[in-house]
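Visitor: I'm new here and would like a hand reading this one. Can we take it feature by feature?

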Amino acid sequence: MSLASTASVKAPPSLLARLFARQELALLVCLILVIVFFSVTAENFFSMRNMTNVLGQASLALTAGIGCAIVFISGEVDISIGSLLATIALPLIIIMNDTNSLLLGVSGALLFGLIIGAVNGYLTAYAGINSLIVTLGTMFIMRGGVYLYTGQRAIPDDASLDSFIALSDGRLFNIIPYSAVIAIVLLAAFAYMMRHRPFGRQIYAVGGNPEVARLAGYDVRRVKFICFIISSLLATVAGIILAARVGSAQHTAGLNFEFQVVAATVLGGVSLAGGIGSLSGMALGVLILQFLSNGLRGLGLPTEWQLVITGMIIIAAVAFDEAKRRRAIGG
Amino acid sequence: MSVDFLHPGEGAAIDTNVPALELRGIDKRFPGVVALDNVDFTLEPGKIHALMGENGAGKSTLIKIMAGVYGKDAGTIRMCGREVDIKSPRDSLKEGIKVVFQEIALISEFTVAENIFLEGYPTGKGGSIDWKKIRADSAALFDRIGFNVDPAARTGSLPVSQQQMVEIARALAHEARVVVMDEPTSSLTPNEVSLLFTVIRRLAALGIAVVYVSHKLDEVFEIADMVTVLRDGRHISTKPIGEHTNDTLIHDMIGRRIDNLFPRKRGEPGSKVALFVEKLSTARKLNDVSFEARAGEVLGFFGLMGAGRTELAKAIVGYDPITSGMIVVDGSRLVPHDTRTGVKLGIGLLTEDRKSEGLMGELPVYQNASLASLGAFARMGFIDKAKEHRAVQDYVDRFRIKTPSLFQQVKNLSGGNQQKVLISRWLMRGLKVIVVDEPTRGIDVGAKSEIFALIDRLAGEGLAVVMMTSEMPELLGLSDRVAVMCEGRLTAIMSREEATQEKILNAAIG
């Protein structure tokens, strides 16, 4: 999103202008403004406890958002992740109840996630079906499947393994929730991949211009296929954390989750058109929305208003971005 | 057996006795067009081989087969005597065939250095990208070539000429056996061209086979060792350049068709000004363009790639926004500046990009033709189908559009017939001025003359025709007057009698 930064060829823009043209910096400023605003206006907002709580709450969207952003950057979309949260909880809880093994449960969940990602990826990349349609379809199929299988009742976690419960309320050094630690580690790893591994650059190239990528010898379909698998596996990790938090496999788990994640990703400057955006932008988008929702609740504003405000912010952010891009090209 | 331009001497020596690349009996058909018919093409290592022919002769198709963009329908390809199967660009790159395409094929969001190593990033320990090496090698590469491009710049922000340099540099960043350059000089300055020629000679000295595609005869005589000419998808000749003169080369390229290709039937244009454009500028390209076109006149616009022809076409019909200037169509100003007003006043664009800006491929012929004049067929808000079909049928007969029926999906028609459908769309609407952008792009040579005859007839019927073209014979054969553009400016307007190839090219270079 640094189009404005290099609009002029002859005279390089000043350092300040370049910094402000960076999407991530603008988002960081927004995040700080949100935090400062609510620290002043809302009671109990600016406390270590609340801050780390928000981080814990944000960890689901942060984790799944990595995959969402990667799929966006490759030029596709994946909205099946909400249903996937509910789906993979079934093998997770059932296997753990049967075997008392977190490792086996998690392995089962990841295998499920892998298969779903492969199906999404195959239908999009190889069968050539629009990814919005494919993942809309798998979203319904998975949700329907979960309802059918559970009879719309939760399957409780009877094994109650300590290691599993720690995923929900454990904290590193008694401060940072483990779920947030997982999200941050994954974020760092994938951000490194996107920037410094050839495969990460391939994703940007494929999303930026698939024809050019093909001419450069890239296997465009394979790249997209793998992006869908990454997305599903990361959503699986989010689903495992959610299952630990609610202590069961819930048939309604992750309802509308995909839209929260898409909203945060778009707010973070990741373009639906592909090739543009960063994981740090996505992460800032998630944090802004999470702090906003937490702060508004602290002010006593009902949830309905949070939805309205979130919607307006997303449209405003993207409109602002579009205006900036136009000016960069036009000027 | 391949050579690294950046690190010469590291690769193995090249066997100069075996052809670097040998294509035999290549056939390629597209729906409605035979693009290549039994074409042979042999490249010797260390030789610069010019590939020549008019637009539509099959050069691009042949290059795209070498690059793995298209598959061939028949024939064999051998690299250094070994038969290879090139199914994708990946296969072609692996064989060491590097193609610099005419259309810029770069990721505009990436930096220059990232684009140069797009094909394969050098990696350091643990398989991570070695950014330091990429930046250093990119700088070294530009240094060796002599181009002045900032490797850290975002590619999309660079002017076309610099992007073209990035393309050229990219082809040299990895080991290569064959380097193909498709019109590499179209937006370079003379100084940059001579730098490029030095690089090409150095490549040849390293044993790389170079294919040089160009329209420009003087360039070819300067750089090439061998020349192969294609015409209408067929191989015409392959000779050392020394056996050619300007005349023999042109003769091979054009054949004897030039005289009867443009049977001018219309009379001289009238004096009524149908289109008046004054001091037109756009944000990105056009700079202070003024001209007028009279009823019954074909005004031909020529320019090299990036000169702004398409931009001008889109601006004067109201499609693209303008920043200043005035457009008057048949006595009325084009205000507000949009296509709705344009069509109402009687100016329409026959786009160069039929697929994405002209046709609705899935829809039948009759719907494509009647699109701009549905109002004329409407009765109380419903379309009178019978009337619509009669009107379209009338045009199908008049223009001899070859289609099985009015209900055929337009994508199944040949390029020439699609173009006629689009012309019908505008004529049905009753235009005063028609702007045609590259009217024969992607059209069979046989069908071209029909399009020319049609344009001649449109002018004969009193329309002002503004024609954007990059093809010299088309320009000289059809135009009453020739206008030349360079970098968004109008550099010359001359009458048919004054216009010569040399004058036009000089004005186009600026």
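**Helices, sheet and salt bridges**

Guide: Let's start with helix H16 (residues 415-428) of chain B, which lies across S16 and strand S19 (433-437) of chain B and runs at about 170° to S16(B). Contact here means heavy atoms within 4.5 Å; helices (H or I, at least four residues) and strands (E, at least two) are DSSP runs, numbered from the N terminus. Axes are lines fitted to C-alpha atoms, for helices over the stretch in contact, with angles from 0 to 180 degrees between N-to-C directions.

Visitor: And how should I take the model itself?

Guide: This is a predicted model, where local features need pLDDT of at least 70 and side-chain atom pairs count only at pLDDT 80 or more, while totals for chains, interfaces and linings use all residues. Residues are numbered from 1 along each chain as its sequence is written, chains are lettered from A and ligands numbered from 1 in the order written, and side-chain values use heavy atoms, leaving out hydrogens and water.

Visitor: What is the order of the strands in the open sheet of chain B?

Guide: In general, strands of a sheet pair through backbone hydrogen bonds, either parallel or antiparallel. Here, two strands pair if DSSP finds at least two bridges between them. The six strands go S16-S19-S20-S13-S21-S22 (chain B), with mixed pairing. Strands S16 (347-350) and S22 (489-495) of chain B are the edges, each pairing on one side only. From one strand to the next, the twist averages 20°.

Visitor: How many bridges join S21 to S22 in chain B?

Guide: Six, and the two strands run antiparallel. Cys486(B), for instance, has Arg489(B) in S22(B) as its bridge partner.

Visitor: Which residue forms a salt bridge with Arg24(B)?

Guide: The general idea first: side chains of opposite charge can pair when their charged atoms come close. A salt bridge is a side-chain nitrogen of Lys or Arg within 4 Å of a carboxyl oxygen of Asp or Glu. Arg24(B) pairs with Asp40(B), with the closest N and O atoms 3.6 Å apart. Arg24(B) sits in strand S1 and Asp40(B) in strand S2 of chain B, 16 residues apart.

Visitor: Is Glu362(B) buried or exposed?

Guide: Buried means under 20% relative accessible area, exposed over 50%, partly exposed in between (1.4 Å probe, protein chains only). Glu362(B) counts as exposed because its relative accessibility is 52%. Its salt-bridge partner is Lys411(B), at 3.3 Å, N to O; Lys411(B), at 41%, is partly exposed.
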